Amino acid sequence: MSLPPKLQEIVDDFSGMTREEKLETLIAYAETFPPLPEWLRERRDNMEPVPECMTPVFLFAEHLPTGRIHFHLDIPPQSPTVRGLASILTNGLNGCTPEEIISVPGDFYLPMKLHEAISQQRLTGFVGVLGHMKQEAVKLLEKKE
Amino acid sequence: MSYVHPEYLVETEWVAQNLENPNVRIIESDEDPLLYAVGHVPGAVQVDWFSTLQHPLRRDFLTKEKFEEVASNIGITNDTTVVFYGDKSNWFACYALWLFQYFGHQNVRIMNGGRLKWEKEGRPLVKDVPTFEKTSYRATEPDKSIRAFREEVLQQSSAKKPLVDVRSPKEYSGELISMPNYPQEGAQRGGHIPGAVSIPWSQAVNEADSTFKRPDELRALYEGKGIKPDGEVIAYCRIGERSSLTWFVLKYLLGYPNVKNYDGSWTEWGNLVDAPIER
């Protein structure tokens, strides 16, 4: 099963990096983590919490008219690693169809060798966020049927 | 009533006054390894609990020789006052302090309130990574009197001696076990070590600014649950970071002479074949 092209590109990039480059790139992803859009700020309480993360992470799936999904996340700035990892997912998956999101394998990130840079525990949260994105994609498909 | 060893704690203001002090080294140790790069106390170096302090292969800490290299690279001598601070109420700051003591560094401090308090007070955070002239640091053999291994924990439990489980109530009760698909951080069984009392780490700190609670509050908290200064106490959590904080509180703020941190904690115990468990 192939990954959505943008996500595949990120995976390929990381797989060729040294540990230091991985850390720098994660910081760059964390620093470009977008703030929650104005219209969602009032709806913050209706967003989905992601309990697998030790950091409070909230997720909202915006259903685009094209049938595709755009994810918005709210993560505190005190957690740059979680922001960086979440940013990889939104950069790689935003604009995908629900089917594309559901078919991303849970271990897609292994070739990125992120464990060289950060501990396994952080990766648990990463997989947790992906899991919730998939749930949102499933919900959208169910709604359509 | 004051802390029994108040010299192990410094306030943010003291740190602010000692940023240029050549006999002081400030170390940031966080749960989030990128936080230091985003901004840190001026002149602080990073010691990451995972990439710096763990053995690259075995589940253990770095070797004595490797520790000497780390200490030499951050330019400390055996007499340098090392001040630790970090995120998450100083969990990993306490963990790093505990490990520095394990390798014999005596002159250690925790910055009360950690990163949170420093930030809340609007104190400066910088991105510059300082470099220091390399030293030839000599560590001592590991001090096993502050670290508990599984056999010892089993004996402690069988002898009904004090064990403190500092995890959240749901982890203690066994309601929370590792979730499906996350074998790497989980345990095969949930619950706690038989005889362990539940005193979550968070009860020792003030939520608003991560500072430690007052001495009388701390004394009442632990003694009220039967954890008294006499005798040996072993603290544990899931991987040994939260229990480092409790270890610091018992050892230095309350002055218990004989406290150990069981760093194997629940990720070891909950996977150990034939280990007794209580729910």
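# Briefing: a sheet, a chain contact and a helix crossing

E48(A) stands opposite L59(A), a residue of β2(A). That pair belongs to a predicted model. In chain A, three strands build an open sheet. Chain A also touches chain B, through 17 residues of chain A and 13 of chain B. Within chain B, helices α4(B) and α9(B) cross at roughly 70°.

**The sheet in chain A**

- The strand order is β1-β2-β3 (chain A), and the pairing is antiparallel.
- β1 (48-49) and β3 (69-74) of chain A are the edge strands. Each has a single partner strand, so one side of each has no neighbour in the sheet.
- Strands of a sheet pair through backbone hydrogen bonds, and the pairing can be parallel or antiparallel.
- Two bridges link β1(A) to β2 (residues 58-63) of chain A, in the antiparallel sense.
- P49(A) stands opposite F58(A) in β2(A), while E48(A) faces L59(A).
- β2(A) and β3(A) are joined by six bridges and also run antiparallel.
- Which residue of β3(A) is the bridge partner of A61(A)? The partner is F71(A).
- β2(A) and β3(A) form a hairpin, with five residues between the two strands. In the turn, G67(A) has a positive phi of about 90°.
- Helix α6 (residues 120-144) of chain A lies across β1, β2 and β3 of chain A. The helix runs at about 35° to β2(A).

**Where chain A meets chain B**

- The contact takes 17 residues from chain A and 13 residues from chain B.
- α2 (19-31), α4 (80-93) and α6 of chain A each supply at least two residues of the side that touches chain B.
- That side of chain A has seven nonpolar, nine polar and one charged residues.

**Two crossing helices in chain B**

- Helix α4 (residues 91-102) and helix α9 (residues 242-253) of chain B have axes that come within 7 Å.
- Are α4(B) and α9(B) roughly parallel or roughly perpendicular? Their axes cross at roughly 70°, and the two helices are therefore roughly perpendicular to each other.
- The crossing of α4(B) past α9(B) is left-handed.
- From α4(B), the contact uses W91(B), C94(B), Y95(B), L97(B) and W98(B).
- From α9(B), the contact uses R242(B), S244(B), L245(B), W247(B) and F248(B).
- By class, the residues of this contact are eight nonpolar, one polar and one charged.

**Positive phi in chain B**

- Most residues other than glycine have a negative phi.
- K88(B) is not a glycine, yet has a positive phi of about 45°. K88(B) sits in the loop between β4 (81-85) and α4 of chain B.
- Is K88(B) buried or exposed? K88(B) is buried, because 23 other C-beta atoms lie within 10 Å and the cut-off for buried is 20 or more.
- S210(B) also has a positive phi, near 65°, and is a residue other than glycine. S210(B) lies in the loop between β7 (197-198) and α8 (215-224) of chain B.
- S210(B) counts as buried, with 23 C-beta neighbours inside 10 Å.

Conventions: Residues are numbered from 1 along each chain as its sequence is written. Chains are lettered from A and ligands numbered from 1 in the order in which they are written. This is a predicted model: local features need pLDDT of at least 70, side-chain atom pairs count only at pLDDT 80 or more; totals for chains, interfaces and linings use all residues. Two strands pair if DSSP finds at least two bridges between them. Helices (H or I, at least four residues) and strands (E, at least two) are DSSP runs, numbered from the N terminus. Two residues are in contact if their C-beta atoms, placed from the backbone, lie within 7 Å. Axes are lines fitted to C-alpha atoms, for helices over the stretch in contact, and angles run from 0 to 180 degrees between N-to-C directions. Ala, Val, Leu, Ile, Met, Phe, Trp, Tyr, Cys and Pro count as nonpolar, Asp, Glu, Lys and Arg as charged, and the others, Gly among them, as polar. Angles under 35 degrees count as roughly parallel, over 145 as roughly antiparallel, 65 to 115 as roughly perpendicular and the rest as oblique. A crossing is left-handed if the near helix is turned anticlockwise from the far one by less than a right angle, and right-handed if clockwise. A residue is buried if 20 or more other C-beta atoms lie within 10 Å of its own, exposed if 12 or fewer, and partly exposed in between; C-beta atoms are placed from the backbone.
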